[in-house]
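Please read them with the sequence and structure open.

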Amino acid sequence: MKFLDIGKVAEHSGVPPSTLRYYEEIGLIRSLGRHGLRRQFDGDVLLKLSLIGLGKAAGFSLTEIAGMFGRDGRPDIPRAQLHARADELERQIRDLRMLRDALRHVADCPAPTHLECPSFRKLLKSTTRGRAVDHSHRRSTSAAVTRKRSGRESL
C-alpha cells in the first residue's frame, strides 16, 4: 500500500496542509502515522477529500459531512438528506434565473421608468412570490430534518 505524506496530499487534492490538519483534528480524515514530522495518509484520503469538497460545494457543513461517514470512515450518506439538498439547490437555481431575467430586463427595457413597465412589474411580482414560498419550505424542511435527527419523526 502506498502512503502519501501531507505535502503530497495537499498537492494532489488542492487542500492546504493547515486544512488537512484541521480535518484530522475534527475527525474527517485520519493519518496513519508519521514519517519524521510529516503525517502519512493512505491513498484513499484523496477520494475522501473529494467527497468532502463535493459536500461543501453542495452547502453541507463540516459537521453534516462528518455525519455522512460511518465509524469505519466509509461513506454512509443519508439519501433523504441528499434529496432535500438537491431540492433546495433547484429552488436556488430557479430564483437565480428569475433574478437574471429581471436584471437583463432592467438593463434593456426601453420604458421611461422601470416601474411603468408591465413586464418588469410582472418579473418583480414573480420574484417576490417565489421567495415567500421558498422561505416557508425551508422552515418545514429544516424542522423535518431536525425531527429525523432527534428520532422524533414517525415513519
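1. A word on the source. This is a predicted model, in which local features need pLDDT of at least 70 and side-chain atom pairs count only at pLDDT 80 or more, while totals for chains, interfaces and linings use all residues. Residues are numbered from 1 along each chain as its sequence is written, and side-chain values use heavy atoms, with hydrogens and water left out.

2. Overall make-up. The chain holds 6 helices and 3 strands, and from the N terminus its elements follow the order β-α-α-β-β-α-α-α-α. Helices (H or I, at least four residues) and strands (E, at least two) are DSSP runs, numbered from the N terminus. Of the 155 residues in the chain, 25% are buried; buried means under 20% relative accessible area, exposed over 50%, and partly exposed in between, with a 1.4 Å probe and protein chains only. Among contacts (heavy atoms within 4.5 Å) between residues at least 6 apart in sequence, 44% join residues at least 24 apart.

3. Buried positions in α5. The buried residues of this helix are Gln81, Arg85, Glu88, Arg91, Asp95, Met98 and Ala102.

4. Helix α1 against helix α2. The axes of α1 and α2 come within 9 Å and cross at roughly 110°. That makes α1 roughly perpendicular to α2. Ile6, Val9 and Ala10 of α1 meet Pro17, Leu20 and Arg21 of α2 in this contact. By class it has 5 nonpolar, no polar and 1 charged residues. Axes are lines fitted to C-alpha atoms, for helices over the stretch in contact, with angles from 0 to 180 degrees between N-to-C directions. Angles under 35 degrees count as roughly parallel, over 145 as roughly antiparallel, 65 to 115 as roughly perpendicular, and the rest as oblique. Ala, Val, Leu, Ile, Met, Phe, Trp, Tyr, Cys and Pro count as nonpolar, Asp, Glu, Lys and Arg as charged, and the others, Gly among them, as polar.

5. Helix α1 against helix α3. The axes of α1 (residues 6-13) and α3 (residues 45-57) come within 10 Å and cross at roughly 45°, and the two helices are therefore oblique to each other. On the α1 side the contact is made by Val9, His12 and Ser13, and on the α3 side by Val45, Leu46 and Leu49. The classes here are 4 nonpolar, 2 polar and no charged residues.

6. Serine 18. This residue lies in helix α2 (residues 17-25) and, at 45% relative accessibility, counts as partly exposed. Its C-alpha atom is 9.7 Å from that of isoleucine 6, 12 residues away along the chain.

7. Aspartate 5. Strand β1 (residues 3-5) contains aspartate 5, which counts as partly exposed at 21% relative accessibility. Aspartate 5 and histidine 35 are 30 residues apart in sequence, with 7.9 Å between their C-alpha atoms. Apart from neighbours within four places in sequence, aspartate 5 is in contact with Arg38, Arg39 and Gln40.

8. Cysteine 117. The loop between α5 and α6 (118-150) contains cysteine 117, which is buried, with a relative accessible area of 7%. Leaving aside neighbours within four places in sequence, cysteine 117 is in contact with His105, Cys109 and Ala111. The C-alpha atoms of cysteine 117 and histidine 105, 12 residues apart along the chain, are 9.8 Å apart.
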